[in-house]
Structures are given as structure tokens and as C-alpha cells.
Amino acid sequence: QQTIVCPVPNAGGMVLDASLYDAGLDQYIFWGPTAGSGNLELFLVDPGTGQTSTLNNPNLYIGEGRYDLQNNLAYGFVDGEFVQANYVTQTVTQLGTLQLGSILATCTAFDSNTGTYLAVGRDQGASQFNIYSIEAATGTVLNSTVINEDIVNILHYDANTSTIYVLEREY
């Protein structure tokens, strides 16, 4: 059974994997359409009070956004570019072009201890998928390991044990 912690009455939905929790500002951030108009906006929700604000700034949207608890920044992708988003200053900074052909939705994680963004994706023109370790501050790929993409549904990184967990589906 689900418990509604704080309804967001002006939200008409949420874009798939376009959400993250900002622990520094204690707010849940997601990209979605407004109720009624359907215009896409960035919603910022205080989970304790339910207070909601919106930013109608399409430049702040990042896909596969993951939050860095050490630096209070978010990292993700915009049109194939690896970016850093600062929701306080409302800026997005391009850090690198990784030449990845695709990133699997819900298959990213972040290690705040080392500043490493983890993603399952593949190089342009390649058929096999890899888990990429990306240095968040520079957008540099540190290493990649081949993985069977047919089994991956969700990627999670446990910073306490330095363990990557992969939720896989059975066939």
C-alpha cells in the first residue's frame, strides 16, 4: 500500500526517469507536464511540507539525473552530452561529449564518495552494452565493462559497501 506524503496538485505527470532527490536542499525534483496545460516544467517539491515550486526553464532538464551528495549538484545527459546541473543557480554546464550511442533508462547511479557517475549504455555503432564509470567533474570515461543488457532493469550503487546492484528480469 502506498502513502501519499505530499500531493502535487499542479503536476499532470512525470517524464520517465527525469527525477531525483536533492539531499542538500531537501527537495524532490522532477520534470513533467502541468495539469491542464500540459506544458513541461521542472517541479521542486519539499517532501516535508509539500510546498511546490516550478521552473519553466527547459534548459534545466537532464535525463538520467543523479545527485552528488558531496557537492550538491546533479549530473546526467542532455542530447547525448554529459552535463552538470545546479538547481540553486539554475545553470546546466556541459562537461563532455561521451560518444555514447545510448543510455538505458533507469540504469544509472552515482557514487558521491568518489564523484563517479555510473551508466549502462553502449558506444555509437556498437552492439554490446557496458557499465561506464564516468568522472563527474570532467565527464571523462574512467573505464567500461561489458554487460548483458538483456537482463538489466535498474542500476543501484551502495556507497557504504562500494557495490553495484543490478535488478534483472527473468525470461
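# Exercises on an all-strand chain

In the protein chain, 36% of the contacts with a separation of 6 or more are between residues 24 or more positions apart, contact meaning heavy atoms within 4.5 Å. This is a predicted model: local features need pLDDT of at least 70, side-chain atom pairs count only at pLDDT 80 or more, and totals for chains, interfaces and linings use all residues. Residues are numbered from 1 along each chain as its sequence is written, and side-chain values use heavy atoms, with hydrogens and water left out.

## Exercise 1. The chain as a whole

Task: State the secondary structure and the burial of the protein chain.

Solution. 
- Step 1. Count the elements: zero helices and 14 strands. Both are DSSP runs, numbered from the N terminus: helices are H or I with at least four residues, strands are E with at least two.
- Step 2. Turn to burial. Of 171 residues, 40% count as buried. Buried means under 20% relative accessible area, exposed over 50%, and partly exposed in between (1.4 Å probe, protein chains only).

## Exercise 2. Aromatic pairs

Task: Classify the pairs Phe30–Phe43 and Phe77–Phe82.

Solution. 
- Step 1. Rings of Phe, Tyr and Trp (its six-membered ring) pair if their centres lie within 6.5 Å; planes under 30 degrees apart count as stacked, over 60 as edge-to-face and the rest as tilted.
- Step 2. Search the whole structure: six aromatic pairs turn up.
- Step 3. Take Phe30 and Phe43. Their centres are 4.9 Å apart, with 5 degrees between the planes, and the pair is stacked. Phe30 belongs to strand E2 (residues 27–33) and Phe43 to strand E3 (residues 40–45), so the pair ties together parts 13 residues apart in sequence. Both Phe30 and Phe43 are buried.
- Step 4. Take Phe77 and Phe82. The ring centres are 5.4 Å apart and the planes are at 65 degrees, so this pair is edge-to-face. Phe77 and Phe82 are buried.
- Step 5. Follow the links. Ring pairs join Tyr75, Phe77, Phe82, Phe110 and Tyr117 into a cluster.

## Exercise 3. Positive phi in loops

Task: Describe the backbone and the setting of Asn72 and Gln90.

Solution. 
- Step 1. Asn72 is not a glycine, yet its phi is positive, about 55 degrees. Asn72 sits in the loop between strand E5 (63–68) and strand E6 (73–78). Its relative accessibility of 38% makes Asn72 partly exposed.
- Step 2. Gln90 is not a glycine either, and has a positive phi of about 60 degrees. Its loop runs between strand E7 (81–86) and E8. Gln90 is partly exposed at 36% relative accessible area.
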